[in-house]
Amino acid sequence: MITWGIVGNSHDASLAVFKNGECLWAALSKDFSDVPNDPDLNWTIVEVAKRIAGPPDQIVWYERPMLKTLRQLIAGQGWLFDENNIKRYLARWDITAPIKYTTHHLSHAAYAYYTQDHDDCAVICLDSIGEFETLTMWHGKNGKLKKIYTQGYPHSIGLFYSAMTQRCSLIPNKEEYLMTQWADKGDPFRFYSHIKRDILGDGFRKQFSLKHNLHRGCRWWRPELDSPQDHYDIAAATQMIFEETVSGLSYKAFRDTGSNYLALAGGGALNSRAVGKISNRWDSVHVPQNPGDPGSCIGAVLARTRRSISLDNVWHKKNA
């Protein structure tokens with residue numbers, strides 16, 4: 001049985017090839033198209049995948065398009081059901097195998113849990129947004145994942161970080177890594193209380209909450225703060241708030257699971273400074289390669305097979 005796990009039609013498209021439950025190969029579309037954050041598949045990645053093991057017998061898509069469509073409607077983006085027609089989308093590359101679907105955050109959680117070495121493991125998924133979920137926590141044990149916490153749109157630490165990236169005149173969902181660099185040049189206390197007062201909610205019954213929907217950014221916040229130092233100080237405060245949130249989530253996961261091991265997935269797991277500050281609480285912290293949406297091409301399949309794998313030599317090395 002040849003199974004392809006696929007992420008696409010959004011950003012950072014990726015494809016994984018499985019044969020009888022074993023992951024043979026995975027790659028990002030951008031490595032073949034040279035388009036940064038390429039949202040779509042391309043003929044080259046599809047042809048390489050076919051050369052690995054032949055055409056697919058089935059596809060596992062990393063999220064549920066109908067749920068995504070409903071969230072987009074609620075968010076004011078319109079009725080995008082045709083755009084989210086995955087059967088039609090994949091047909092552009094002559095991919096016609098039967099399609100199975102999993103949920104966005106389960107794909108993240110499965111990628112984190114089933115690619116680490118410990119049966120009993122806490123899992124935190126730090127995302128901008130899936131279908132509706134923005135933050136989930138799981139307990140992996142006896143080879144299965146149990147969701148123990150969830151919160152939904154628009155309360156999202158990922159959307160907050162991306163919105164503040166945009167506020168600093170950087171490109172959201174692309175240049176968040178620059179925010180951590182700019183934070184080193186800024187004073188985290190200059191705008192810390194202002195951001196918490198103006199943007200963050202009270203957190204009642206939520207690990208992270210917002211007063212405003214930041215899906216379209218927050219250029220409206222304090223537009224007079226536009227100097228390079230202003231941006232550095234905003235970045236520093238944003239990073240401090242992110243680190244505090246991750247620390248709180250780490251404590252909750254440790255308390256609620258009783259595990260000594262933690263695995264992280266979602267775009268927020270790429271924030272190495274925040275991850276580094278919680279590492280001493282755990283015997284080990286696992287962040288798999290490509291923990292954001294690209295890793296879900298593997299995670300979507302693992303969510304169905306519930307089979308642990310090694311990532312050694314799985315990811316395609318560009319120009320190798």
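Student: Which residue lies over the face of tryptophan 221, and at what distance from the ring centre?

Tutor: That's arginine 222, at 5.8 Å from the ring centre of tryptophan 221. A charge sits over a ring if NZ of Lys or CZ of Arg is within 6 Å of the ring centre and within 35 degrees of the ring normal. Keep in mind that this is a predicted model, where local features need pLDDT of at least 70, side-chain atom pairs count only at pLDDT 80 or more, and totals for chains, interfaces and linings use all residues. Residues are numbered from 1 along each chain as its sequence is written, and side-chain values use heavy atoms, with hydrogens and water left out.

Now for rings with rings: searching the whole structure turns up 11 aromatic pairs (rings of Phe, Tyr and Trp, taking the six-membered ring of Trp, with centres within 6.5 Å; planes under 30 degrees apart are stacked, over 60 edge-to-face, the rest tilted). Take tyrosine 161 and phenylalanine 242: their ring centres are 5.2 Å apart and their planes are at 70°, so this pair is edge-to-face. The two partners come from distant parts of the chain, 81 residues apart, with tyrosine 161 in helix 6 (residues 157-167) and phenylalanine 242 in helix 9 (residues 228-257). Helices here are DSSP runs of H or I, at least four residues, numbered from the N terminus. Tyrosine 161 counts as buried because its relative accessibility is 5%, where buried means under 20% relative accessible area, exposed over 50% and partly exposed in between, with a 1.4 Å probe and protein chains only. Phenylalanine 242 is buried too, at 3%. Elsewhere, Trp61, Tyr62, Tyr89 and Trp93 make up one aromatic cluster.

Methods: Helices (H or I, at least four residues) and strands (E, at least two) are DSSP runs, numbered from the N terminus.
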